[in-house]
Every structure is written in structure tokens, then in C-alpha cells.
Amino acid sequence: MTEQPTLLCIPDISGFTEFMGESNFELSSKVIPSLLNNIIYSNEIGLKVSEIEGDAVLFYKQGSLPSFRALIDQCRYFYTEFYKQMDVLKKQYSGAKTAARIPEILGLKIILHYGTQIAPVKVGSRIKLHGEDLIVAHRLLKNRVPLDEYILLSDTLINTYSENSIQRNFEWGELKTQNIQYEHVGEISYHFIGLKPLLH
């Protein structure tokens with residue numbers, strides 16, 4: 001299987017470790033899968049699921065990219081639907097000790113990256129993604145963004161759009177830029193915008 005230009009999207013549940021530590025197994029085994037399912041079913045732009053990774057979903061899309069605005073709108077939808085589901089779960093499991101704290105502990109960050117060094121490979125009966133850009137996307141989960149909940153877009157992704165199609169100011173905030181150095185990968189530039197204002 002050959003390498004193809006691929007959009008990677010990783011909605012990642014923050015606070016996962018704390019929630020698992022504070023909650024009993026019965027509650028966490030219902031809440032986390034429900035939230036991951038909510039993320040999967042909130043996909044409206046034809047992303048495919050490659051992996052479900054405990055506290056994250058790895059989506060990918062090959063071929064033509066959605067418009068920049070459609071991509072941001074999808075991330076907004078992931079986020080607002082995630083919070084609606086947390087509210088449902090908080091009420092549904094109100095008898096459990098830590099249920100009231102579900103929206104306080106858990107949150108969502110979304111990593112977006114575009115790469116050419118990605119190929120689907122067959123492992124057993126499953127298709128998995130392989131390549132250097134997949135490593136980059138996962139490295140970007142560990143970054144210097146001073147926020148708990150945000151959309152992060154790699155510079156590689158931003159550069160695939162024409163400058164006049166990129167919106168940097170939104171009604172809830174603006175895109176900011178940072179650089180980070182990763183061992184074995186080098187310096188990567190990325191852009192981010194906080195998501196929390198969408199809740200107000």
C-alpha cells in the first residue's frame with residue numbers, strides 16, 4: 001500500500017487518568033465508551049476511524065480536504081456535542097459519587113495534522129495507518145498550549161489552504177502560533193484556539 005496525503009484528526013479526552021483514578025470501574029466503564037461513541041457519531045465530514053485509543057479517537061481522511069471553515073465547524077461540533085453528552089451522563093449516573101464532577105474533570109482537545117508520509121497497512125484482518133506523519137500527530141498531543149481544551153492545527157495542515165481561505169479570528173477567539181522541538185522529529189510550528197468560550 002502506497003503513501004497518500006492524509007488528514008489526521010485526533011479528538012483526545014483530557015482528564016482521563018484523573019477520572020479513572022477517582023471513579024469506580026462501573027462508572028468509568030460506562031462514561032468513557034459513551035463519550036468516545038459520541039465523538040464518533042458526531043463526525044459529519046466523512047472522516048474514517050482508524051483506531052480508538054483508550055481516551056482518543058484517531059480519524060483520517062484521504063483525498064480532498066474539507067474547507068477550512070468546515071474543518072473548524074466540525075471541531076466545534078465535536079466539542080459542543082461532547083459537553084451535551086457529559087451533561088446527560090452526569091444526570092444519568094447522579095447516584096454515583098463522582099458523577100457530578102464528570103464535566104469538571106473531563107474535557108476535549110483536538111489535534112489536526114496533514115501529512116504525505118502515511119500509508120494504510122494490513123495487520124491481521126485490520127487496516128492500520130503507518131508512517132512518520134502519524135508519529136508527528138501523536139507527538140503534537142504533548143505540546144506547550146497553555147489551555148486544557150483547544151483545537152491544534154499543524155503548520156503543515158494550515159499550509160495546504162490558500163491564505164485567503166484561512167480564518168484566524170472567530171467569534172469565540174483567535175488562532176495563535178507556537179513552535180516546539182521534538183526529539184527525532186525536529187521543530188514543528190502549530191496554531192491553536194481555545195474551545196472553552198464556546199460553552200458560554
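Alanine 56 is buried, because its relative accessibility is 2%. Buried means under 20% relative accessible area, exposed means over 50%, and partly exposed lies in between (1.4 Å probe, protein chains only). Alanine 56 sits in the loop between strand S2 (48-52) and strand S3 (57-62). Helices (H or I, at least four residues) and strands (E, at least two) are DSSP runs, numbered from the N terminus. Leaving aside neighbours within four places in sequence, alanine 56 touches Ile10, Pro11, Asp12, Leu36 and Glu51. Contact means heavy atoms within 4.5 Å.

A word on the source. This is a predicted model, where local features need pLDDT of at least 70 and side-chain atom pairs count only at pLDDT 80 or more, while totals for chains, interfaces and linings use all residues. Residues are numbered from 1 along each chain as its sequence is written, and side-chain values use heavy atoms, with hydrogens and water left out.

Next, strand S4 (107-115). Nine of the nine residues of S4 are buried. Gly107, Lys109, Ile111, His113 and Gly115 point one way, while Leu108, Ile110, Leu112 and Tyr114 point the other way. In a regular strand the side chains alternate between the two faces of the sheet. S1 and S4 run antiparallel and are joined by nine bridges. Serine 14 stands opposite glycine 107. S4 and strand S7 (residues 150-154) run parallel, with three bridges. Here isoleucine 111 has leucine 152 as its bridge partner. Two strands pair if DSSP finds at least two bridges between them.

Helix H5 (residues 132-139) has buried residues Asp133, Leu134, Val136 and Ala137. They cover an arc of only 155° around the axis, so they lie on the same side of H5. The arc is that of the directions from the helix axis to the C-beta atoms. These buried residues pack against S1, S3, S4, S6 and S11.

Now the aromatic rings. The structure holds five aromatic pairs. Rings of Phe, Tyr and Trp (its six-membered ring) pair if their centres lie within 6.5 Å; planes under 30 degrees apart count as stacked, over 60 as edge-to-face and the rest as tilted. Phenylalanine 59 and phenylalanine 78 are stacked, because their centres are 5.6 Å apart and their planes meet at 20°. This pair links strand S3 to helix H3 (residues 68-92), across 19 residues. Both phenylalanine 59 and phenylalanine 78 are buried. Phenylalanine 82 and tyrosine 83 are edge-to-face, because their centres are 6.0 Å apart and their planes are at 70°. Both of these residues, phenylalanine 82 and tyrosine 83, are buried too. Tyr79, Phe82 and Tyr83 form one aromatic cluster.

A search of the whole structure finds 13 salt bridges. A salt bridge is a side-chain nitrogen of Lys or Arg within 4 Å of a carboxyl oxygen of Asp or Glu. The table lists some of them.

| Lysine 30 | Glutamate 26 | 3.3 Å |

Lysine 30 and glutamate 26 are four residues apart in helix H2 (residues 25-41), so about one helical turn separates them. Glutamate 51 in strand S2 and arginine 126 in strand S6 are 75 residues apart. Glutamate 51 is buried at 14%, whereas arginine 126 is partly exposed at 46%.
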